[in-house]
Amino acid sequence: MRIAQLGTGEPELVIVGGIHGDEPCGVRAVEWLLEAEPEVARPVRLIVANERAIDAGVRYVDADLNRSFDYVSTKTAYEAGLADRLRREIQGKTVLSIHSTQSTHDPFAIVSGLSNGVEPIVSRLSVEAVVDAGPLEDGRIFDTSSTVIEVEAGYQGSETATANAKQLAEEFLVATGALPGDLSATERPLFEMGKAIQKPPAEDYEVFVNNFNRVDQGETFARADQQRLQADEEFWPVLLSAYGYRDIFGYRGRKQGSLSPA
Ligand SMILES: [Zn+2]
(Lines give C-alpha, C1' and ligand atoms only; values in the text may rest on other atoms or scores of the structure.)
Protein backbone atom coordinates (compact mmCIF):
# COMPACT_ATOMS: atom_id res chain seq x y z
CA MET A 1 0.00 0.00 0.00
CA ARG A 2 1.35 3.39 -0.95
CA ILE A 3 0.65 6.20 1.50
CA ALA A 4 1.65 9.81 0.95
CA GLN A 5 0.53 13.21 2.08
CA LEU A 6 -0.10 16.76 0.94
CA GLY A 7 0.56 19.41 3.55
CA THR A 8 1.75 18.94 7.10
CA GLY A 9 0.09 17.66 10.24
CA GLU A 10 -2.29 14.78 10.88
CA PRO A 11 -4.78 14.71 7.98
CA GLU A 12 -8.55 14.62 8.48
CA LEU A 13 -9.04 14.11 4.76
CA VAL A 14 -8.11 11.06 2.70
CA ILE A 15 -8.31 10.19 -1.00
CA VAL A 16 -8.05 6.50 -1.84
CA GLY A 17 -7.50 5.01 -5.29
CA GLY A 18 -6.88 1.45 -6.39
CA ILE A 19 -9.09 -0.44 -3.94
CA HIS A 20 -9.78 -2.52 -7.05
CA GLY A 21 -6.65 -3.24 -9.10
CA ASP A 22 -8.38 -3.13 -12.48
CA GLU A 23 -9.72 0.40 -11.95
CA PRO A 24 -6.74 2.65 -12.73
CA CYS A 25 -8.55 6.01 -12.69
CA GLY A 26 -8.27 6.53 -8.92
CA VAL A 27 -4.58 5.63 -8.96
CA ARG A 28 -4.02 8.19 -11.75
CA ALA A 29 -5.88 10.86 -9.75
CA VAL A 30 -3.73 10.21 -6.66
CA GLU A 31 -0.50 10.25 -8.74
CA TRP A 32 -1.62 13.47 -10.41
CA LEU A 33 -2.12 15.17 -7.03
CA LEU A 34 1.26 13.92 -5.80
CA GLU A 35 2.95 15.29 -8.88
CA ALA A 36 1.10 18.62 -8.85
CA GLU A 37 1.67 19.01 -5.09
CA PRO A 38 -0.95 21.76 -4.71
CA GLU A 39 -0.69 23.94 -1.65
CA VAL A 40 -3.40 22.74 0.71
CA ALA A 41 -5.07 24.58 3.58
CA ARG A 42 -5.75 21.22 5.27
CA PRO A 43 -3.43 18.20 5.09
CA VAL A 44 -4.61 15.33 2.89
CA ARG A 45 -3.59 11.68 3.04
CA LEU A 46 -3.26 10.03 -0.37
CA ILE A 47 -3.45 6.25 -0.66
CA VAL A 48 -2.95 3.75 -3.46
CA ALA A 49 -4.53 0.70 -1.88
CA ASN A 50 -3.96 -2.59 -3.66
CA GLU A 51 -0.64 -2.23 -5.50
CA ARG A 52 -0.24 -5.96 -6.11
CA ALA A 53 -3.63 -6.18 -7.84
CA ILE A 54 -2.92 -2.95 -9.76
CA ASP A 55 0.38 -4.37 -11.06
CA ALA A 56 -1.44 -7.55 -12.14
CA GLY A 57 -4.37 -5.59 -13.61
CA VAL A 58 -6.91 -7.62 -11.64
CA ARG A 59 -9.72 -6.60 -9.29
CA TYR A 60 -8.04 -8.37 -6.36
CA VAL A 61 -5.40 -10.97 -5.54
CA ASP A 62 -7.20 -13.22 -3.03
CA ALA A 63 -10.38 -11.44 -1.96
CA ASP A 64 -12.32 -8.30 -2.88
CA LEU A 65 -10.77 -5.57 -0.71
CA ASN A 66 -14.08 -3.69 -0.69
CA ARG A 67 -15.73 -6.70 0.99
CA SER A 68 -12.88 -7.28 3.46
CA PHE A 69 -13.48 -4.52 6.02
CA ASP A 70 -15.23 -6.77 8.49
CA TYR A 71 -13.69 -9.00 11.08
CA VAL A 72 -15.04 -12.23 9.65
CA SER A 73 -13.36 -12.07 6.24
CA THR A 74 -10.74 -14.61 5.30
CA LYS A 75 -7.80 -13.73 7.49
CA THR A 76 -5.23 -15.36 5.23
CA ALA A 77 -6.19 -13.29 2.17
CA TYR A 78 -3.64 -10.70 1.06
CA GLU A 79 -6.49 -8.17 1.07
CA ALA A 80 -7.33 -8.89 4.74
CA GLY A 81 -4.00 -7.35 5.74
CA LEU A 82 -4.60 -4.40 3.41
CA ALA A 83 -8.06 -3.86 4.90
CA ASP A 84 -6.63 -3.75 8.44
CA ARG A 85 -4.01 -1.22 7.44
CA LEU A 86 -6.41 0.90 5.41
CA ARG A 87 -8.94 0.91 8.25
CA ARG A 88 -6.29 2.39 10.56
CA GLU A 89 -5.24 4.99 7.98
CA ILE A 90 -8.79 6.29 7.44
CA GLN A 91 -10.22 5.87 10.97
CA GLY A 92 -12.32 8.91 11.92
CA LYS A 93 -11.48 10.73 8.70
CA THR A 94 -13.45 12.04 5.73
CA VAL A 95 -12.65 9.83 2.78
CA LEU A 96 -13.10 9.96 -0.99
CA SER A 97 -12.69 6.46 -2.43
CA ILE A 98 -12.43 6.42 -6.22
CA HIS A 99 -13.73 3.54 -8.33
CA SER A 100 -14.79 2.87 -11.90
CA THR A 101 -17.43 0.59 -13.33
CA GLN A 102 -18.59 -1.46 -16.30
CA SER A 103 -22.08 -0.03 -15.99
CA THR A 104 -21.95 3.62 -17.02
CA HIS A 105 -19.75 6.50 -18.25
CA ASP A 106 -21.39 9.09 -16.05
CA PRO A 107 -19.89 9.57 -12.60
CA PHE A 108 -22.08 8.92 -9.57
CA ALA A 109 -21.54 8.75 -5.83
CA ILE A 110 -22.31 6.00 -3.33
CA VAL A 111 -22.74 6.84 0.34
CA SER A 112 -23.94 4.99 3.41
CA GLY A 113 -26.39 7.46 4.89
CA LEU A 114 -26.27 11.23 4.51
CA SER A 115 -25.19 12.32 7.98
CA ASN A 116 -21.68 13.15 9.22
CA GLY A 117 -21.21 15.99 6.76
CA VAL A 118 -21.57 13.79 3.67
CA GLU A 119 -24.35 15.88 2.12
CA PRO A 120 -22.54 19.24 1.68
CA ILE A 121 -19.59 17.45 0.07
CA VAL A 122 -21.47 15.11 -2.23
CA SER A 123 -23.77 17.89 -3.47
CA ARG A 124 -20.65 19.72 -4.72
CA LEU A 125 -19.25 16.83 -6.76
CA SER A 126 -19.89 16.47 -10.51
CA VAL A 127 -22.03 13.35 -10.25
CA GLU A 128 -25.20 12.49 -12.12
CA ALA A 129 -26.73 10.78 -9.10
CA VAL A 130 -26.21 9.85 -5.46
CA VAL A 131 -26.85 6.28 -4.31
CA ASP A 132 -27.48 5.63 -0.63
CA ALA A 133 -26.31 2.10 0.12
CA GLY A 134 -27.89 2.28 3.58
CA PRO A 135 -26.43 0.54 6.62
CA LEU A 136 -24.68 -2.28 4.76
CA GLU A 137 -22.74 -4.82 6.75
CA ASP A 138 -20.96 -6.66 4.01
CA GLY A 139 -17.38 -5.62 4.61
CA ARG A 140 -17.32 -2.55 2.39
CA ILE A 141 -15.23 0.48 3.26
CA PHE A 142 -18.43 1.90 4.82
CA ASP A 143 -17.91 -0.64 7.64
CA THR A 144 -14.97 1.41 8.91
CA SER A 145 -15.41 4.23 11.45
CA SER A 146 -14.95 6.85 8.78
CA THR A 147 -17.08 9.19 6.71
CA VAL A 148 -16.80 7.72 3.24
CA ILE A 149 -17.94 8.95 -0.14
CA GLU A 150 -17.34 6.46 -2.93
CA VAL A 151 -17.38 7.72 -6.49
CA GLU A 152 -17.71 5.69 -9.66
CA ALA A 153 -15.75 7.90 -12.05
CA GLY A 154 -16.77 6.25 -15.32
CA TYR A 155 -16.12 3.23 -17.47
CA GLN A 156 -13.28 1.01 -16.23
CA GLY A 157 -9.98 1.73 -17.98
CA SER A 158 -11.27 4.71 -19.98
CA GLU A 159 -9.54 8.07 -20.37
CA THR A 160 -12.81 9.71 -19.42
CA ALA A 161 -12.84 7.89 -16.09
CA THR A 162 -9.32 9.17 -15.36
CA ALA A 163 -10.26 12.75 -16.28
CA ASN A 164 -13.40 12.48 -14.13
CA ALA A 165 -11.44 10.97 -11.23
CA LYS A 166 -9.04 13.94 -11.22
CA GLN A 167 -11.92 16.40 -11.35
CA LEU A 168 -13.80 14.62 -8.53
CA ALA A 169 -10.66 14.51 -6.37
CA GLU A 170 -10.13 18.23 -6.89
CA GLU A 171 -13.80 19.00 -6.16
CA PHE A 172 -13.60 16.93 -2.97
CA LEU A 173 -10.64 19.01 -1.84
CA VAL A 174 -12.42 22.28 -2.66
CA ALA A 175 -15.66 21.14 -0.99
CA THR A 176 -13.74 20.25 2.18
CA GLY A 177 -11.76 23.49 2.22
CA ALA A 178 -8.37 21.93 1.48
CA LEU A 179 -8.12 23.77 -1.83
CA PRO A 180 -9.36 27.29 -2.54
CA GLY A 181 -12.37 27.77 -4.77
CA ASP A 182 -16.08 28.03 -4.78
CA LEU A 183 -18.37 25.18 -5.71
CA SER A 184 -22.08 25.65 -5.43
CA ALA A 185 -24.18 22.76 -4.20
CA THR A 186 -26.46 21.28 -6.83
CA GLU A 187 -29.59 19.17 -6.50
CA ARG A 188 -28.92 15.52 -7.38
CA PRO A 189 -31.29 12.60 -7.89
CA LEU A 190 -31.06 10.27 -4.92
CA PHE A 191 -31.45 6.50 -5.15
CA GLU A 192 -31.53 3.72 -2.63
CA MET A 193 -29.10 1.00 -3.72
CA GLY A 194 -31.57 -1.85 -3.14
CA LYS A 195 -30.99 -5.59 -3.29
CA ALA A 196 -28.53 -7.38 -5.51
CA ILE A 197 -29.85 -9.03 -8.67
CA GLN A 198 -28.39 -12.53 -8.82
CA LYS A 199 -27.15 -13.96 -12.11
CA PRO A 200 -28.52 -17.38 -13.01
CA PRO A 201 -25.68 -19.72 -14.03
CA ALA A 202 -24.96 -19.17 -17.75
CA GLU A 203 -22.15 -18.74 -20.28
CA ASP A 204 -23.34 -15.54 -21.80
CA TYR A 205 -24.96 -12.47 -20.23
CA GLU A 206 -26.43 -9.28 -21.59
CA VAL A 207 -28.02 -6.24 -19.94
CA PHE A 208 -30.64 -4.22 -21.85
CA VAL A 209 -31.22 -1.26 -19.54
CA ASN A 210 -29.33 1.83 -18.44
CA ASN A 211 -28.31 2.84 -14.95
CA PHE A 212 -30.79 5.10 -13.14
CA ASN A 213 -33.38 4.76 -15.94
CA ARG A 214 -36.60 3.24 -14.63
CA VAL A 215 -37.35 -0.36 -15.57
CA ASP A 216 -41.09 -1.06 -15.63
CA GLN A 217 -42.74 -4.10 -14.14
CA GLY A 218 -42.59 -6.92 -16.68
CA GLU A 219 -39.81 -5.27 -18.72
CA THR A 220 -36.99 -7.54 -19.89
CA PHE A 221 -33.83 -6.10 -18.34
CA ALA A 222 -31.21 -8.79 -18.94
CA ARG A 223 -30.45 -12.13 -20.54
CA ALA A 224 -28.60 -15.19 -19.21
CA ASP A 225 -27.98 -17.45 -22.22
CA GLN A 226 -31.50 -17.86 -23.69
CA GLN A 227 -33.29 -16.96 -20.45
CA ARG A 228 -34.78 -13.49 -20.51
CA LEU A 229 -35.10 -11.82 -17.13
CA GLN A 230 -38.12 -9.62 -16.45
CA ALA A 231 -38.69 -7.16 -13.63
CA ASP A 232 -41.11 -8.40 -10.94
CA GLU A 233 -41.72 -4.77 -10.09
CA GLU A 234 -40.34 -1.44 -11.24
CA PHE A 235 -36.79 -0.54 -10.27
CA TRP A 236 -33.97 1.85 -11.14
CA PRO A 237 -30.82 -0.06 -12.16
CA VAL A 238 -27.71 0.67 -10.10
CA LEU A 239 -24.34 -0.66 -11.29
CA LEU A 240 -25.99 -3.05 -13.73
CA SER A 241 -23.64 -4.74 -16.19
CA ALA A 242 -23.21 -8.11 -17.88
CA TYR A 243 -19.77 -8.92 -16.48
CA GLY A 244 -18.89 -6.29 -13.86
CA TYR A 245 -19.55 -8.79 -11.06
CA ARG A 246 -19.24 -12.55 -11.14
CA ASP A 247 -22.48 -13.48 -9.34
CA ILE A 248 -24.75 -10.47 -9.69
CA PHE A 249 -25.84 -8.11 -12.47
CA GLY A 250 -25.97 -5.18 -10.08
CA TYR A 251 -28.63 -3.70 -7.82
CA ARG A 252 -32.39 -3.21 -7.87
CA GLY A 253 -32.34 0.50 -7.01
CA ARG A 254 -35.27 2.64 -5.85
CA LYS A 255 -35.76 6.32 -6.50
CA GLN A 256 -35.72 8.31 -3.27
CA GLY A 257 -36.32 11.79 -4.60
CA SER A 258 -33.46 14.22 -4.68
CA LEU A 259 -30.66 15.48 -2.56
CA SER A 260 -31.27 19.19 -2.04
CA PRO A 261 -28.37 21.63 -2.00
CA ALA A 262 -27.11 22.06 1.55
ZN1 LIG B 1 -14.25 -0.67 -7.66
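## Helix α5 and the zinc site

The buried residues of helix α5 (buried meaning under 20% relative accessible area, with exposed over 50% and partly exposed in between, for a 1.4 Å probe and protein chains only) are covered by elements that include β2, α1, β3 (44-48), β4, α4 (118-122) and β7 (147-155). This is a predicted model, in which local features need pLDDT of at least 70 and side-chain atom pairs count only at pLDDT 80 or more, while totals for chains, interfaces and linings use all residues. Residues are numbered from 1 along each chain as its sequence is written, and side-chain values use heavy atoms, with hydrogens and water left out.

**Helix α5**

- Helices are DSSP runs of H or I with at least four residues, and strands are runs of E with at least two, numbered from the N terminus.
- Among the buried residues of α5 are Ala-161, Asn-164, Leu-168, Glu-171 and Phe-172.
- α5 is followed by Gly-177, whose phi is positive, near 80°.

**Zinc site**

- The zinc ion has as protein donors (N, O and S atoms within 2.8 Å of the metal, or 3.2 Å for Na, K and Ca) His-20 (ND1), Glu-23 (OE), Glu-23 (OE) and His-99 (ND1), which lie 2.0 to 2.4 Å from it.
- Along the chain, these donors follow the spacing H-x2-E-x75-H.
- Distant parts of the chain are linked by the pair, since His-20 sits in the loop between β2 (13-17) and α1 (24-36) and His-99 in strand β4 (residues 94-101), 79 residues apart.
- His-20 counts as buried because its relative accessibility is 3%, and His-99 counts as buried at 3% as well.

Terms used: Contact means heavy atoms within 4.5 Å.
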